[in-house]
Amino acid sequence: MNNKKWSEEDVEKTLTKLPPVKDRQTKDDLFRAIESKAETELPTRFSPRKKKPWVFPTMASVAAVLLAILIIPPFFTSDNQLTTDNLSQEEEKMNATTFENNDVNAVNDTEDEAHEGAVHNDAEDKVIEAPEVPPASVENDDNTALAEYDEPAQNMTEPARIATVAYIAKSYSVGEGSSANHYITVEEYELDESVNREKALLTSVKESDTTSGHYLNSLEDVTSTGDTVQLHFTDTTALQALSSQEYTFVEEMFHEIVPLYGYKEVEFLVDEEPGVILGPQGMAESLNVMTYNRGYYLIDENNEVVLISARMAGEEMKEDGNPLTFEQTVEKMATTEDEEDWYESAIPSPVEVTSVTIPGDTARVGYRIAEDADIEEERLHLFFEALKLTAKSFTLDSLEIINVDSGDTVTYNMEDN
């Protein structure tokens with residue numbers, strides 16, 4: 001064996017001495033032969049190139065998002081639990097997950113090419129699931145609340161009635177000594193602010209308190225249910241010390257004042273328990289009040305003219321056993337019983353009532369003032385007040401008092417007065 005060391009120069013010289021090799025195949029023949037061979041047999045040194053495993057998770061994610069959009073379109077409104085913002089957050093989370101998987105798969109592809117036949121990445125077998133969405137047939141809390149709101153209202157309380165005035169009861173006496181008769185007069189008390197009718201009634205009761213011990217100051221709250229009003233006192237014995245005369249005044253005051261606020265019954269409560277001791281009457285849980293006063297009249301008390309109800313004056317308020325209508329009541333207010341001289345009509349003598357009509361829920365009273373008549377503004381105002389208090393005993397929304405000559409109109413909203 002020849003142990004001669006070959007240099008590059010020796011190799012080149014030896015190769016130049018070899019006989020030339022002639023191949024009859026052209027370049028095109030060689031290219032077709034290589035291509036044919038590649039189709040029938042893969043190179044042995046390289047493993048097949050795998051499909052990129054990130055394709056399948058991405059497609060699954062897109063399909064899941066499209067499916068969620070088709071199934072839950074109602075949830076994209078602002079009133080439902082899955083709002084647009086929430087869904088966008090879910091999509092961002094899904095996209096972030098997809099991108100993370102894509103990054104991992106890209107790294108795995110690089111490692112596969114570098115190491116020729118690396119193990120398949122497990123990510124290829126995983127599918128990103130869409131966020132769980134409640135079935136369309138199951139109502140969430142927001143949908144339930146919305147459904148209840150859309151349904152017809154049940155057992156709803158009536159809207160709060162706002163009052164701008166309160167009514168004060170005062171005691172008026174006719175005669176002297178033991179033969180004196182005591183009556184209740186009604187005065188309008190303007191409130192500093194508009195309040196609900198319960199608060200106005202609370203003010204009325206306390207401002208009407210003329211008892212020796214101011215016992216009605218123990219009234220701490222007023223609530224109502226329908227046409228029943230609840231008076232909440234601090235103590236069961238708060239009114240126990242009422243004298244007979246004071247008890248009579250308190251009872252009559254309730255009859256005169258409470259109906260003006262639209263209530264028919266009074267309940268007495270202490271710590272939500274029924275019953276208070278009403279002076280000499282003893283324990284009382286409730287009191288039914290007169291539901292109507294058919295008309296108002298005038299009395300002169302210490303040079304001050306105030307209003308008194310037909311009930312207090314003893315005027316007839318029925319005809320053939322039926323309560324007078326509004327038209328009949330206004331007509332009746334123009335005169336008084338002949339033998340009575342301690343009260344008078346609330347309609348001044350120069351004033352003539354020309355018409356009384358009730359179109360719908362509005363009462364219209366037309367009047368005319370006699371020519372060259374001199375009528376005091378205060379008396380005209382008391383005439384209006386008498387008509388307004390009379391109208392409160394009827395189911396009316398408003399009262400219009402019209403001067404038929406001048407067209408001047410005074411309107412009262414019965415809910416606010």
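Glu246 sits in helix H7, which runs over residues 244-257. This is a predicted model, and in it Glu246 is buried yet has no salt bridge. The nearest side chain of opposite charge belongs to Lys170, 17 Å away.

What does the side chain of Glu246 reach at 2.7 Å? That would be the backbone nitrogen of Ser212.

## Asp221 and the acidic patch

Over on the surface, there's a patch of negative charge. Glu220, Asp221, Asp235, Asp271, Glu272 and Glu273 gather there.

Asp221, one of that group, is part of strand E3, residues 219-225. Is Asp221 buried, exposed or partly exposed? With a relative accessible area of 36%, Asp221 comes out as partly exposed, because that label covers what falls between under 20% (buried) and over 50% (exposed).

## Thr185 in strand E2

Thr185 belongs to strand E2, which spans residues 181-196. Its relative accessibility is 0%, so Thr185 counts as buried. Look for Ser171 too: Thr185 and Ser171 are 14 residues apart in sequence, and their C-alpha atoms are 6.4 Å apart in space.

## Ser349 in a loop

Ser349 is in the loop that links strand E14 (344-345) with strand E15 (351-357). At 74% relative accessibility, Ser349 is classed as exposed, because the cut-off for that is over 50%. Thr335 is 14 residues from Ser349 along the chain, with 9.9 Å between the two C-alpha atoms.

Key
Residues numbered from 1 in each chain as written. Predicted model: local features only at pLDDT ≥ 70, side-chain atom pairs only at ≥ 80, totals over all residues. Heavy atoms only, no water. Patch = residues over 30% accessible without salt bridge, like charges linked within 9 Å, V, L, I, M, F, W, Y side chains within 5 Å. Areas by Shrake-Rupley, 256 points an atom, 1.4 Å probe, with all protein chains shown as cover. Salt bridge = Lys/Arg side-chain N within 4 Å of Asp/Glu carboxyl O. Lys, Arg positive; Asp, Glu negative; His and termini not counted. Charge placed at Lys NZ, Arg CZ, Asp CG, Glu CD. Helix = DSSP H or I, 4+ residues; strand = E, 2+ residues; numbered from the N terminus. Buried < 20%, exposed > 50% of the residue type's maximum accessible area, 1.4 Å probe, protein only. Polar contact = N/O pair within 3.5 Å; in protein donor to acceptor, adjacent residues only side chain to side chain.
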